[in-house]
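Q: I have a structure open and would like to go through it piece by piece. Can you help me read it?

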Amino acid sequence: MTIETLDLKSLPLIRKGKVRDIYEVNESTLLLVATDRISAFDFLLDNTVRDKGKILTLLTHHWIFNILPTYFPDLKHHIMSLGLPTGSSPTNEATCLIGRTMAVRKYTMFPFECIVRGYITGSAWAEYKQSGTVHGIKQPAALQHGQPFPSGPIYTPAIKVPYGGRDENIHPAKAREMVGDQWADQMENLALGLYRAAHDWALQRGIIIADTKFEFGHDEDTGEVILADEILTPDCSRFWPVQGYAVGQVPKSFDKQYLCDWLTENGLGAKAGIKVPDEIIAQTRSNYHEIFQRLTGQTLETALASL
């Protein structure tokens, strides 16, 4: 079943995002529902990608509960459970929600995304070619497309903007001004650490995580930084296969970049209401399934059967 729009009658809708719908369970708990909607260049397409919402949800859960605790035993995150809290949804709504929902704790979110880049590509490559910088940070001369940053992964925050606008890349110093030294240090160190751990794990499975983004909230009672939203999925990361990777060449992707490249090549980037051909959507879906299987060691069907 493909889910583009979901209207839960049992809970109040708080916000409808590009992909996720957020419902309120109670004053301290939210329900995140991942649909099969897909966006590119911050605009929704007139297509859905079947199983996409389930892949994003279950891959996030896999990272947070099965992988990252090995590296970060005390990692704080917002997920309470997959699915609805007990007794909060009538039976007739439950079937379409399986594998798509996470009950999460409410936290105050920080006002920017924490992007970590291990390899120079995307908007970082475009900026570097023009000015020799990435997010305003000076980089060594003569870097090639797809090359690892010589001194290791770099932290490059970005401010989220309203629907239809491009996120604003900012210098880490600006992010520090926005939240203060204590929060800035915690987020930067945690984001870099999470990236390195995930990169090592994925590399052993034939996948390069070129870059990714994290979002954090904070617990006002304890002062702790809390990992939130989806993590390390094909929607928020660049995944490249190790096989065939070569510095200076445009890498194959196991993420949304395949779809974005098609739009760019056809002069359709950053536009609303685009209908993408079925074969492009089918290949995008295949990419999402392959990355899920490589990173979790199981098919989506097997993962769903265990819920």
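Q: Let's start with one residue. Is D235 buried or exposed?
A: This is a predicted model, and in it D235 has a relative accessibility of 18%. The cut-off for buried is under 20%, so D235 counts as buried.

Q: Where is D235 in the chain?
A: D235 is in the loop between strand β16, residues 225-228, and strand β17, residues 237-241.

Q: What does D235 touch?
A: Leaving out residues up to four places away in sequence, D235 touches V19, K52, L56, E230, K256 and Y288. With one of these, Y288, there is a polar contact from side chain to side chain, at 2.4 Å.

Q: What about L232, where is that?
A: L232 lies in the loop between β16 and β17, the loop where D235 is also placed.

Q: And is L232 buried or exposed?
A: L232 is buried, since its relative accessible area is 0%. Its phi is near 55 degrees, which is a positive value in a residue other than glycine.

Q: Which other residue has a positive phi although it is not a glycine?
A: H135 is one, with a phi of about 55 degrees. H135 sits in the loop between β10 (133-134) and β11 (137-138). H135 is buried, with a relative accessible area of 4%.

Q: New topic: how is the chain divided into domains?
A: Domain 1 is made of residues 13-107 and 266-305, and domain 2 is made of residues 108-239. The centres of the two domains, taken over C-alpha atoms, are 21 Å apart.

Q: How many residues of each domain are in contact with the other?
A: On the domain 1 side there are 26 residues, and they are in contact with 34 residues of domain 2.

Q: Now the inside. How many residues are in the largest nonpolar core?
A: The largest nonpolar core has 70 residues. The ones with the most contacts inside it are W63, M187, F214, F216, L263 and V276. Helix α5, residues 181-203, supplies the largest share of this core, 12 residues. Domain 1 and domain 2 each give at least three residues to this core.

Q: Why would such residues sit together?
A: In soluble globular proteins, nonpolar side chains tend to be buried together.

Q: Take L263 from that list. What is L263 in contact with?
A: Setting aside neighbours within four places in sequence, L263 is in contact with A40, F41, L45, L268, G269, I274 and V276.

Q: Where is A126, and is it buried or partly exposed?
A: A126 lies in helix α3, residues 122-131. With a relative accessible area of 44%, A126 is partly exposed.

Q: Sheets next. What is the strand order in the open sheet of five strands?
A: The order is β1-β2-β3-β7-β6, and the pairing is antiparallel. Strands β1 (13-16) and β6 (79-82) are the edges, as each pairs on one side only. From one strand to the next, the twist averages 25 degrees.

Q: What holds strands like these side by side?
A: Strands of a sheet pair through backbone hydrogen bonds, either parallel or antiparallel.

Q: How many bridges are there between β1 and β2?
A: There are three bridges, in the antiparallel sense. In one of the pairs, K16 has D21 in β2 as its bridge partner. A hairpin of three residues joins β1 to β2.

Q: And how do β2 and β3 pair?
A: They are antiparallel, over six bridges. D21 has V33 in β3 as a bridge partner, and a hairpin through two residues joins β2 to β3.

Q: How many bridges link β3 and β7?
A: Strand β3, residues 29-34, pairs with strand β7, residues 101-105, over five antiparallel bridges. The bridge partner of L30 in β7 is V104.

Q: Which strands does helix α1 lie across?
A: Helix α1, residues 52-71, lies across β2 (20-26), β3, β6 and β7, and runs at about 130 degrees to β6.

Key:
Residues are numbered from 1 along each chain as its sequence is written. This is a predicted model: local features need pLDDT of at least 70, side-chain atom pairs count only at pLDDT 80 or more; totals for chains, interfaces and linings use all residues. Side-chain values use heavy atoms; hydrogens and water are left out. A nonpolar core is a set of buried Ala, Val, Leu, Ile, Met, Phe, Trp, Tyr and Cys residues joined through side-chain atoms within 4.5 Å. Buried means under 20% relative accessible area, exposed over 50%, partly exposed in between (1.4 Å probe, protein chains only). Helices (H or I, at least four residues) and strands (E, at least two) are DSSP runs, numbered from the N terminus. Domain bounds come from an automatic or database domain assignment. Contact means heavy atoms within 4.5 Å. A polar contact is a pair of N or O atoms within 3.5 Å; within protein, one must be able to donate a hydrogen and the other to accept it, and residues adjacent in sequence count only if both atoms are side-chain atoms. Two strands pair if DSSP finds at least two bridges between them. Axes are lines fitted to C-alpha atoms, for helices over the stretch in contact, and angles run from 0 to 180 degrees between N-to-C directions.
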